[in-house]
Amino acid sequence: MKNKIALKADHIVKYFYEPEKFQVLKDIGFEVKTGEFLTLTGKSGSGKSTLLYILSTMDTSYEGSLVINNELLTGRSQNQLAAFRNEHIGFVFQFHYLLLDFTVLDNVMLPALKLNKKSKEEIEHKAYENLKLLGLENQALKMANKLSGGQQQRVAIARALINDPSIIMGDEPTGNLDSKNTRNVFDIFKQLTREKGQTIIAVTHDDDFARNSDRVIDLSDGKIVQ
Ligand SMILES: Nc1ncnc2c1ncn2[C@@H]1O[C@H](COP(=O)(O)OP(=O)(O)OP(=O)(O)O)[C@@H](O)[C@H]1O
């Protein structure tokens with residue numbers, strides 16, 4: 001599994017035009033193997049989030065090409081990309097964006113209910129499976145606002161996994177957590193790569209988190225520093 005390519009970015013170049021023309025990404029190219037745990041690091045303003053948004057197919061205004069799971073995504077319509085993301089990519093952000101007045105279970109089920117591909121029973125079963133994996137099975141019926149920050153971030157991971165994405169992308173997924181919860185999220189990501197062959201790409205400012213991942217891509221001034 002480790003030899004399959006999950007993602008390939010080639011000659012990615014991006015400009016911002018406001019307030020003036022500015023090249024934020026300069027000929028970025030790399031591959032990520034299936035089941036790899038990759039971190040993107042670099043100083044503030046080096047272009048990490050901009051790159052992640054291109055890799056996640058949310059940003060389509062760039063030069064170069066992006067292939068995920070052998071599908072060329074560059075040039076596809078927004079609808080096609082949204083469908084692709086639903087099926088293949090899970091997202092975890094610095095802020096969990098949970099619906100705080102809903103139960104943990106409802107939050108986890110929501111992205112699958114929206115897809116409307118499986119029965120509610122199947123989705124609920126999968127949601128409980130994910131919550132168990134994250135040590136949250138006893139919290140399922142609580143309101144999300146009753147959980148600690150670390151627990152809420154784990155709910156966000158359970159939600160990101162609900163449609164069985166092959167790639168999980170994180171934009172500072174532990175940016176808001178203390179060191180114990182950071183370690184916990186790291187271990188969960190590691191487990192997902194090992195046991196489920198899922199691929200992780202995470203932007204981080206945390207040196208330990210990056211050092212312990214399989215590979216670090218360090219950006220400086222929009223370029224990969226070897
Ligand atoms: N929408 C935008 N319009 C213009 N410039 C932008 C825009 N978004 C980001 N930038 C600029 O592009 C550069 C890279 O931003 P980006 O957010 O990718 O950096 P980053 O490495 O993720 O930083 P941080 O670690 O602080 O989150 C910065 O100089 C930023 O000011």
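This report covers the ligand shell and the strand pairing of a predicted model.

## Ligand shell

Around the ligand lie Phe-16, Glu-18, Val-24, Gly-42, Ser-44, Gly-45, Ser-46, Gly-47, Lys-48, Ser-49 and Thr-50. By residue type, the shell holds 7 polar, 2 nonpolar and 2 charged residues. Helix 1, which spans residues 48-55, is the largest contributor to this shell, with 3 residues.

An open sheet is built from 6 strands in the order 6-7-8-3-9-10, with mixed pairing. Its edges are strand 6 (89-93) and strand 10 (223-225), each of which pairs on one side only. From one strand to the next, the twist averages 25°.

At one end of the order, strand 9 (residues 215-220) and strand 10 run antiparallel and are joined by 3 bridges. Within this pair, Ser-220 has Lys-223 of strand 10 as its bridge partner. Helix 5 (residues 149-160) packs on the sheet, where it touches strand 6 and strand 7 (167-171). The direction of helix 5 makes about 165° with that of strand 6.

## Pairing of strand 1

Strands of a sheet pair through backbone hydrogen bonds, in either a parallel or an antiparallel manner. Strand 1 (residues 5-16) runs antiparallel to strand 2 (residues 22-33), and 8 bridges join the two. They form a hairpin with 5 residues between them. Lys-14 stands opposite Leu-25 of strand 2.

Strand 1 is also joined to strand 4 (residues 63-68), by 5 bridges, and this pair is antiparallel. Here Leu-7 has Ile-68 of strand 4 as its bridge partner.

Definitions and conventions:
Residues are numbered from 1 along each chain as its sequence is written. This is a predicted model: local features need pLDDT of at least 70, side-chain atom pairs count only at pLDDT 80 or more; totals for chains, interfaces and linings use all residues. A residue is near a molecule or strand if its C-beta atom, placed from the backbone, lies within 6 Å of it. Helices (H or I, at least four residues) and strands (E, at least two) are DSSP runs, numbered from the N terminus. Ala, Val, Leu, Ile, Met, Phe, Trp, Tyr, Cys and Pro count as nonpolar, Asp, Glu, Lys and Arg as charged, and the others, Gly among them, as polar. Two strands pair if DSSP finds at least two bridges between them. Axes are lines fitted to C-alpha atoms, for helices over the stretch in contact, and angles run from 0 to 180 degrees between N-to-C directions. Two residues are in contact if their C-beta atoms, placed from the backbone, lie within 7 Å.
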